[in-house]
Amino acid sequence: MDLSSQRQYIQRAANAKLNVSGTSSLETIYTAPAGGDFDFAIIESLLVTDDGNQQTNIDIVVVNGGTTHYLFKQYNVTAYATDEMLTRSLILTQGEILKIQVSHANINVLASVVEYAKGD
């Protein structure tokens, strides 16, 4: 799709927030819309904050069906730091899921998302 034609799409902005509760499995940050009017999303920003006094390793993945694609593997966030994980926008198509797993449960995530639906 030619993204220069974005003006033909209806947009809806949202923030996806997650206070990571555990370390044993991947937790969902955001799921791209599927099956309705909105059919893809662009993650404009992905902020990860360590709100504890301990550095934390994180994995960030995109899950598509049964396949997991790593964006970051064992990325280190220092104690009390906030890191912007994206240097460019990230497109998620229908049903793709953005997830995180951490080594210590002192991480907060904020994703700024714009969802798109085909206009008339």
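**Y30 and its surroundings**

Tutor: Y30 is in contact (heavy atoms within 4.5 Å) with A16, A41, I43, L92, E96, I97, L98, V113 and E115, if neighbours within four places in sequence are left aside. The model is predicted, so local features are reported only at pLDDT of at least 70 and side-chain atom pairs only at pLDDT 80 or more, while totals for chains, interfaces and linings use all residues. Residues are numbered from 1 along each chain as its sequence is written, and side-chain values use heavy atoms, with hydrogens and water left out.

Y30 belongs to the largest nonpolar core, a group of 26 residues. Such a core is a set of buried Ala, Val, Leu, Ile, Met, Phe, Trp, Tyr and Cys residues joined through side-chain atoms within 4.5 Å. Buried means under 20% relative accessible area, exposed means over 50%, and partly exposed lies in between, with a 1.4 Å probe and protein chains only. Together with I29, I58, I100 and V109, Y30 has the most contacts inside this core. Two or more residues each come from β1, β2 (27-31), β3 (38-50), β4, β7 (90-93), β8 (97-102) and β9. These labels refer to strands, which are DSSP runs of E with at least two residues, numbered from the N terminus; helices would be runs of H or I with at least four.

Rings of Phe, Tyr and Trp (its six-membered ring) pair if their centres lie within 6.5 Å; planes under 30 degrees apart count as stacked, over 60 as edge-to-face and the rest as tilted. Two aromatic pairs are found by this rule. F40 and Y116 make a stacked pair, 4.9 Å from centre to centre with 10° between the planes. This pair links distant parts of the chain, since F40 is in strand β3 and Y116 in strand β9, 76 residues apart. F40 counts as buried because its relative accessibility is 6%, and Y116 counts as buried at 3%. The other pair, F72 and Y75, is edge-to-face, with 5.5 Å between centres and 70° between planes. Y75 has a relative accessible area of 28%, so this residue is partly exposed.

Now return to E115, one of the contacts of Y30. The side chain of E115 meets that of R12 in a salt bridge, at 2.6 Å from N to O. The term stands for a side-chain nitrogen of Lys or Arg within 4 Å of a carboxyl oxygen of Asp or Glu. E115 in strand β9 (residues 107-118) and R12 in strand β1 (residues 9-19) are 103 residues apart, so the pair links distant parts of the chain. E115 is buried, at 9% relative accessibility, whereas R12 is partly exposed, at 39%.

The whole structure has two salt bridges. The other one joins K73 and D59, whose closest N and O atoms are 3.5 Å apart. K73 is in strand β5 and D59 in strand β4 (residues 56-64), 14 residues apart. D59 counts as buried because its relative accessible area is 6%. Beyond four places in sequence, D59 is in contact with Y70, F72, K73, Q74, K99, I100 and Q101. One of these, Q74, has its backbone nitrogen 2.7 Å from a polar atom of the D59 side chain.

Q74 is in strand β5 (residues 67-77) and is partly exposed at 46% relative accessibility. Most residues other than glycine have a negative phi. In Q74, however, phi is positive, near 55°. Y80 also has a positive phi, near 60°. Y80 is in the loop between β5 and β6 (82-84) and is exposed, with a relative accessible area of 56%.

Notes
Polar contact = N/O pair within 3.5 Å; in protein donor to acceptor, adjacent residues only side chain to side chain.
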